[in-house]
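Work through the exercises below with the sequence and the model in view. Each task is followed by its solution in steps.

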Amino acid sequence: MKKLHARNLLAALFFLFFVMGSSYAQQRVSGTVYDGETNETLIGANVLVNGTTVGTITDIDGSFSINMPEGTNELVVSFAGYSEQVIAVDGRSNIDIRMAAGELLDEIVVVGYGSQSEKEITSSVVSLDAEDFNQGDISDPAQLLQGKVAGLQVYNRGGDPNGRSTIRLRGISTVGANVQPLVVIDGIIGGSLDNVDPNDIETINVLKDGSAAAIYGSRGSSGVIIVTTKKGSNSGEAKFSYNGQLVSASPFNSVAVLDGDAFVAAGGTDLGSRTNWTDEVTRNALSHLHGLAVTGGSGNTTYRISGNIRDVQGVLDNTGFQQFNTRLNLNTKALNDRLSIDFTSSYTNRDQQAGFDEALRYAVLYNPTAPVFGDDSPFPFNSDQFGGYFETLGLFDSFNPVSIIQQNRNDGKRREFNMGALFGYKISDGLTANFRIAQQQTDFSNVIYYPTTSNFNGNATSPLRKGLAQFYNQDIETDLYEGYLNYITDLGLGSLTLTGGYSYQQENFNDNFFQLGDFPNDDLDFSNAIETSQDLQNAGFIAANSNASPDAKIIAFFGRANLNIDDKLFVNASLRREGSTKLGADNRWGLFPALGVGVDLGRMMNLNGFDLFKVRLGYGVTGSLPGPSGLSQETRNIVNGDDGSVSTNKARAANPELKWEEKAETTLGIEVASGRFSGVLDLYTRDIDDFILLRNVDVAVFGVPQRYENVGALNTKGVELALNYDVVQNSNFNWNTGVVLSSYTTTLNEFVGDSIQVTGNLGAPGQNGTNMIRIAVGEEIGQIWGPVYDGVDDNGEPIFADLNGDGMRIGAADQALNPDADFQVLGNGLPDFELGWTNNITIGDWGINAFFRGAFGHSLVNTFRAFYEPRISTQSSYNFVTTELAVDGLTAARYSSLYVEKADFFMLDNLTISRGINLSGALDNARVSLTFRNPFILTSYTGTSPEPSLVDGGAEDNGQRLAGDGNVLAPGIERRNNFFNQRSITFGLNLNF
């Protein structure tokens with residue numbers, strides 16, 4: 001019924017738009033906009049018919065053409081840094097306009113439930129548009145922001161085309177709840193970045209501190225990212241734009257290992273071939289992206305329709321995705337412009353090949369003298385049993401990487417649809433009522449198939465139960481209904497803006513998993529013929545489960561007041577009362593206040609030489625919700641009796657007092673602008689309490705040993721700096737440079753269990769139970785922990801330093817005996833500071849954009865080295881990692897400081913060279929570009945990537961596949977399943993016609 005309702009609403013809105021649209025006689029006016037002093041044309045100046053929504057912007061020549069509705073006679077022309085001009089047309093068909101330099105114009109910034117002028121904002125908010133975004137082959141919208149916002153960490157380690165970025169704003173914001181920022185797309189809370197194409201994004205605003213995010217209550221603790229998509233313009237005629245990219249990418253910075261000859265010389269088992277396994281499973285990937293958009297309008301109605309096609313290959317064979325996305329934005333006014341309707345809709349259809357990143361892991365450790373195919377084996381080998389591939393049978397954790405990536409299948413499908421409408425009615429000159437309705441539907445399915453000939457999870461060596469098929473389906477539906485009032489009034493010396501409203505959001509989640517195997521042969525892909533599975537005759541081998549969440553409802557009442565006194569003093573206050581069904585029945589409601597004060601000292605004290613000198617102080621409380629529903633409720637296990645009966649028993653105790661995680665944050669900010677220079681400095685402290693964690697409890701009290709409770713606290717202190725300077729400004733050459741810097745430290749003040757714990761198991765072979773990360777109350781998050789390497793003995797065993805002077809030396813494998821003895825902090829997985837450095841240069845029609853970024857002070861555990869660098873005689877069938885840090889004579893693999901490396905890096909992230917081309921005829925203008933991603937990186941780290949690893953996915957071996965969101969308290973581990981980085985060249989073409 002909900003889907004039917006969505007379709008009916010969509011049809012009704014379409015009908016409403018076209019009924020309200022109107023046509024009338026128009027006069028066409030053309031012209032050119034110039035700088036009044038230099039006589040240079042101005043590209044991108046706004047030209048608007050006064051009293052209407054009809055407008056356009058000047059093209060690459062500074063020219064414009066616009067249709068003026070009947071009864072209108074004035075054009076309003078504006079451009080950043082120039083005084084606005086109102087021009088009387090008086091029947092003219094061609095007008096040249098010269099702009100005079102004016103005061104610094106104030107940008108309008110989208111915030112929660114409205115917008116504010118930049119000068120009035122008293123919290124830490126950063127706004128970026130297309131000129132600020134990262135360039136090149138970007139399919140993940142989060143990558144547009146990487147390194148661009150001080151305090152915002154965006155990392156997608158390696159080049160997995162289906163991997164999602166890890167996003168952190170001002171560090172860890174929670175341990176047991178949602179660690180990713182809240183995403184708001186065109187006002188719709190909880191929007192999906194997967195359903196917006198980077199080509200369609202107009203601006204992204206980042207609400208960094210608590211006073212800005214508190215208006216969103218329980219979901220604002222990790223920060224808020226507000227995405228505004230491109231809208232239509234009423235230029236009187238349809239305008240088309242095409243954006244295309246052709247991308248060539250290749251892997252780089254892979255793990256250094258021995259080639260076949262060097263491996264044999266080091267004592268490795270020689271199987272007669274010489275194989276570079278990394279080359280065998282990777283490729284030079286070719287991708288292409290195409291986007292077409294049309295904008296236009298008539299009367300009070302504007303529209304923009306876009307379609308984007310992405311065919312992306314990963315550098316690992318058989319990885320990538322094919323995606324189609326379309327978006328519609330319609331805007332209209334009616335009832336004498338009192339009623340405004342803004343409608344948005346988007347649909348994404350994505351088919352993805354996730355592949356198996358394990359192939360990269362085994363490409364590192366697999367014997368470099370082994371052949372790819374069994375026919376090339378140096379001894380008799382039944383290659384047909386393994387699909388024609390060679391396998392090193394009888395070894396632990398050893399699989400042919402080419403067989404893994406070529407024989408097995410890991411494919412997914414995602415369909416995502418959302419729609420939303422915002423109705424605004426102007427009740428009086430200062431009072432507007434708004435109502436928003438939105439719906440989002442996401443369907444995801446995934447099939448993993450291991451044929452009977454696959455040695456990797458296909459059980460090809462067994463006489464029984466060969467082959468395996470796994471099916472997963474997920475459905476998420478979200479409904480949002482909001483109503484709020486905006487009121488603004490002039491107070492004489494200033495203005496007051498009030499906002500108040502109600503929000504209701506409901507989410508429903510369903511998923512199911514099904515697994516069966518024992519297929520007859522490898523004649524076909526039996527994931528499409530599961531009725532042939534012999535498991536159907538022996539149901540005990542079939543795995544199946546399904547889940548359905550209770551209705552996850554969030555209900556909120558909110559209010560906000562913004563006071564502007566003489567453009568000198570600014571006060572913002574908000575309050576949100578919110579309740580959620582995800583929490584205990586006794587603690588479902590929370591109160592989230594915020595207060596911010598800002599003073600423009602430049603105006604107040606008449607400071608010469610400053611366009612802006614604002615000091616602001618903000619405080620806000622936000623909350624965090626757990627990801628799953630039902631954590632406060634009792635759960636039960638299903639018990640199958642020997643007699644065929646089915647019963648249940650209690651598995652987890654209920655907690656009716658489970659409440660919100662809360663974050664209280666204070667930010668002191670200074671904003672300065674003077675001529676070509678501008679800068680922002682933020683100092684902040686945040687306290688986070690009451691993590692939602694699964695705890696061991698007293699069985700005598702609760703009947704079972706576990707339930708979810710609120711426990712734990714941490715504090716983060718940080719500093720952020722953003723500087724921008726127009727180095728050169730003249731008619732033919734312009735250079736703007738900007739730097740963002742950030743640093744923070746997070747301390748764990750309270751936690752569940754022992755005051756000192758270790759986590760981050762290194763894993764097999766041979767080092768299970770070796771934990772590498774220390775978690776201690778009163779200490780920093782991210783401490784890499786272990787013994788200190790102090791040499792190698794005559795037997796090839798590592799020697800560890802006697803740190804406590806007791807004459808005994810203890811190793812990592814013995815830490816359970818005495819974890820404090822001879823162990824120390826070996827580094828920290830979190831950077832001391834990070835930077836991004838942007839340079840935009842224009843020389844005539846040419847443009848150059850160079851973006852550098854870096855992170856400093858963090859370390860990484862190089863697990864490839866920890867396992868495969870020592871020359872272990874019993875592991876002569878596995879390849880050896882070879883780096884400049886390798887120790888001669890070391891023949892035992894035991895974790896220590898030897899494998900903890902400083903991972904500082906500075907890199908040229910992307911370099912774009914472009915040129916604008918003036919055209920005549922059907923095409924208005926064009927732009928061609930060439931973008932280089934990761935052209936160089938400076939680092940001493942010997943692993944695949946020096947970028948911080950903010951979350952640990954855990955150890956895996958011998959064909960295991962990991963699940964879950966990972967451990968945020970164990971940063972700093974580079975696991976052996978990481979994708980290799982990639983370097984790419986992108987040719988881009990943009991056409992406007």
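Helices (H or I, at least four residues) and strands (E, at least two) are DSSP runs, numbered from the N terminus. The model is a predicted one, in which local features need pLDDT of at least 70 and side-chain atom pairs count only at pLDDT 80 or more, while totals for chains, interfaces and linings use all residues. Residues are numbered from 1 along each chain as its sequence is written, and side-chain values use heavy atoms, with hydrogens and water left out.

**Exercise 1. Backbone angles**

Task: State where Asn-253 and Asp-690 lie, and give the phi value of each.

Solution. Step one: Asn-253 sits in the loop between β17 (239-251) and α3 (260-265). Its phi is near 60°, a positive value in a residue other than glycine. Step two: Asp-690 belongs to the loop between β34 (677-689) and β35 (692-696), and its phi, near 65°, is positive as well. Step three: most residues other than glycine have a negative phi, and most peptide bonds are trans. Step four: the bond from Ala-764 to Pro-765 is cis, with omega near 10°; Pro-765 is in the loop between β39 (756-763) and β40 (767-776).

**Exercise 2. Burial**

Task: Decide whether Asn-253 is buried, partly exposed or exposed, then do likewise for Asp-690 and Ser-859.

Solution. Step one: buried means under 20% relative accessible area, exposed over 50%, and partly exposed in between (1.4 Å probe, protein chains only). Step two: Asn-253 has a relative accessible area of 29%, so it is partly exposed. Step three: Asp-690, at 22%, is therefore partly exposed too. Step four: Ser-859 has 2% relative accessibility and so counts as buried. Ser-859 is in strand β47 (residues 859-862). Leaving aside neighbours within four places in sequence, its contacts (heavy atoms within 4.5 Å) include Ile-784, Asn-828, Val-900 and Gly-972.

**Exercise 3. A helix and its cover**

Task: Find how many residues of helix α5 (residues 358-365) are buried, and what covers them.

Solution. Step one: eight of the eight residues are buried, so α5 is largely enclosed by the rest of the structure. Among them are Glu-358, Arg-361 and Tyr-362. Step two: the cover of these buried residues includes α4 (277-281), α6 (401-407) and α9 (863-868). Step three: Tyr-362 also belongs to a cluster linked by ring pairs, with Phe-356, Phe-399, Tyr-450 and Phe-456.

**Exercise 4. Ring pairs**

Task: Classify the pair Phe-381 and Phe-386 and the pair Phe-592 and Trp-660.

Solution. Step one: rings of Phe, Tyr and Trp (its six-membered ring) pair if their centres lie within 6.5 Å; planes under 30 degrees apart count as stacked, over 60 as edge-to-face and the rest as tilted. Step two: by this rule there are 30 aromatic pairs. Step three: Phe-381 and Phe-386 have ring centres 5.5 Å apart and planes at 25°, so they are stacked. Both Phe-381 and Phe-386 are buried. Step four: Phe-592 and Trp-660 are edge-to-face, with 5.5 Å between centres and 90° between planes. This pair links distant parts of the chain, with Phe-592 in strand β29 (residues 589-600) and Trp-660 in the loop between β32 (646-652) and β33 (661-674), 68 residues apart. Phe-592 and Trp-660 are both buried.
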